[in-house]
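Take a look at the model below. This short report walks through a few of its local features.

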Amino acid sequence: MSVAAQQNPLSTKLLAISFSYPPLALPRAVQVARLFKHLPFSIVLVCADYDEKGVRKDSTLVAGAEASLEKILRVPFSLSGWRGRLSSVAYRYRLPVWDKTPDQYRSWKRKVLKRIESFINESNSLPDAIVSFGSPMSDHLIGAELKRRYRLPWIAHFSDPWVDNAFNQHDRLTRAFNLSLERKVMTAADTLIFTSEETVDLVMSKYPAELRTKARVLPHAFDASLFPAQPKQSSSKLQIRYLGDLYGKRTPQPLFGALRHILTDEPEKLSDVSFELIGPTYDLPPEQLKLETLPEGLVSLKPPVKYLESLALMADADGLLVIDAPAEKSVFLPSKLIDYVGAGRPILGLTPPGAASDLITRLGGWVADPANAESVAQTICGFLSFLRQRKNGRTETWGAADVRRQYEVCSVTKVFEEIVRETLA
């Protein structure tokens, strides 16, 4: 670290690579913007200028996200034309390698490197460190090349596992290519950041012990100032909300199956309940989303909403629902769950043992493995019983206070500051 940087944190300049940044309405975009908003460093950010049909955007997030940066370099990216058509074919027919090493955003790398080279030449100065944020993992390929060219300290931040991501159903050839890319990143980076200890254990178990010493844990964060000061008046029914994406193996089937079980044995326990599933369902088969076998009004599917509206819906709910894919163990700690923590509403997790399950349990919440239908039904009934008892005091903040503090943005930012200073030392 330079002498000036040691004396004045604001003189420490980070060059950050994050494909996702507002107005892109993706969890990665929100979390990176939140982290930068509260850092004492000077930040030059490179992100994607990505505007195509189907890309989710939220213009309400832009002003605050840009205000905290020294400079933002928006580099165009497009999947239109021949590349887009080939990507569609590769996805439909599950072709190996194409758009999977590591992802469909790899072509962005060349333009980014050219833009950064121009910026460094124009400013006639180098940053103190590089930080790359994946996913997409193509961001880390950019970080690796910048490390090679400029010999700067490099921090690689992983919101999800790369090769070990259970949602990536890669063939052996594609996995081998990605393992080679991941190994290069793990070796070249000075510091590796993951969102949970479980992810560190999973990802680094295949690497030598000296590489594991680079790993640090930095959870997602919530910003309490973004939630409404006063929740809306409670409705006559208990309102339980799931906010987030449903796709692949993360489906509402564990919930639907448990509700049918309860309706068969104790239907009165659901007479005053409304479940809302808010968010995109992507390529889930229609039969997994059918509600005909459930009473009208018990479950409703609703489209995604803007980010700040999603926080208001969390704060206004009687209870909040997490749905994860069945697994022996889950390393995922979704940013949406951390927003739930910020909302201060009781949480029910249909999630396997692992990071999310542990956090919900530490908060004092309810957890059931989605693979165990009977356990899910029993847990839902216990959760509903608590919500009925709490109905008159629903405005009170729920969750163990000491646990919630760990995920406040000021707490998480301090951890990241320490990681940066350690890397620069």
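F19 is buried, because its relative accessible area is 2%, under the 20% cut-off. The model is a predicted one. Y50 is buried too, with a relative accessible area of 10%.

A search of the whole structure finds 12 aromatic pairs. One of them joins F19 and Y50. Their ring centres are 5.7 Å apart and their planes stand at 70°, so the pair is edge-to-face. F19 sits in the loop between β1 (13-17) and α2 (27-37). Y50 sits in the loop between β2 (42-49) and α3 (62-67). The pair therefore ties together parts that are 31 residues apart in sequence. F19 and Y50 also belong to one aromatic cluster with F77, Y105 and W108.

## A pair between strand and helix

W366 and F383 form an edge-to-face aromatic pair. The distance is 5.3 Å centre to centre, with 65° between the planes. W366 lies in strand β13 (residues 366-368), and F383 lies in helix α14 (residues 373-390). The pair links distant parts of the chain, 17 residues apart.

W366 is buried, with a relative accessible area of 18%. F383 counts as buried at 0% relative accessibility.

How do α11 and α12 lie relative to each other: parallel, perpendicular or oblique? Helix α11 (residues 307-316) packs against helix α12 (residues 335-343) at an angle of about 55°. The two helices are therefore oblique to each other. Their axes are 9 Å apart, and α11 passes α12 in a right-handed crossing.

On the α11 side, the contact uses Y307, S310, L311, M314 and A315. These meet K336, D339, Y340 and A343 in α12. By class, the contact has six nonpolar, one polar and two charged residues.

Most peptide bonds are trans. The bond from P22 to P23 is cis, with omega near 15°. P23 lies in the loop between β1 and α2. Another cis peptide bond joins S135 and P136, with omega about 0°. P136 lies in the loop between β4 (129-134) and α6 (138-150).

Most residues other than glycine have a negative phi. N124 is not a glycine, yet its phi is positive, near 55°. N124 is in the loop between α5 (108-123) and β4. At 71% relative accessibility, N124 counts as exposed. R151 is not a glycine either, and has a positive phi of about 55°. R151 is in the loop between α6 and β5 (154-158). At 66% relative accessibility, R151 counts as exposed.

Conventions:
Residues are numbered from 1 along each chain as its sequence is written. This is a predicted model: local features need pLDDT of at least 70, side-chain atom pairs count only at pLDDT 80 or more; totals for chains, interfaces and linings use all residues. Side-chain values use heavy atoms; hydrogens and water are left out. Axes are lines fitted to C-alpha atoms, for helices over the stretch in contact, and angles run from 0 to 180 degrees between N-to-C directions. Helices (H or I, at least four residues) and strands (E, at least two) are DSSP runs, numbered from the N terminus. Angles under 35 degrees count as roughly parallel, over 145 as roughly antiparallel, 65 to 115 as roughly perpendicular and the rest as oblique. A crossing is left-handed if the near helix is turned anticlockwise from the far one by less than a right angle, and right-handed if clockwise. Contact means heavy atoms within 4.5 Å. Ala, Val, Leu, Ile, Met, Phe, Trp, Tyr, Cys and Pro count as nonpolar, Asp, Glu, Lys and Arg as charged, and the others, Gly among them, as polar. Rings of Phe, Tyr and Trp (its six-membered ring) pair if their centres lie within 6.5 Å; planes under 30 degrees apart count as stacked, over 60 as edge-to-face and the rest as tilted. Buried means under 20% relative accessible area, exposed over 50%, partly exposed in between (1.4 Å probe, protein chains only).
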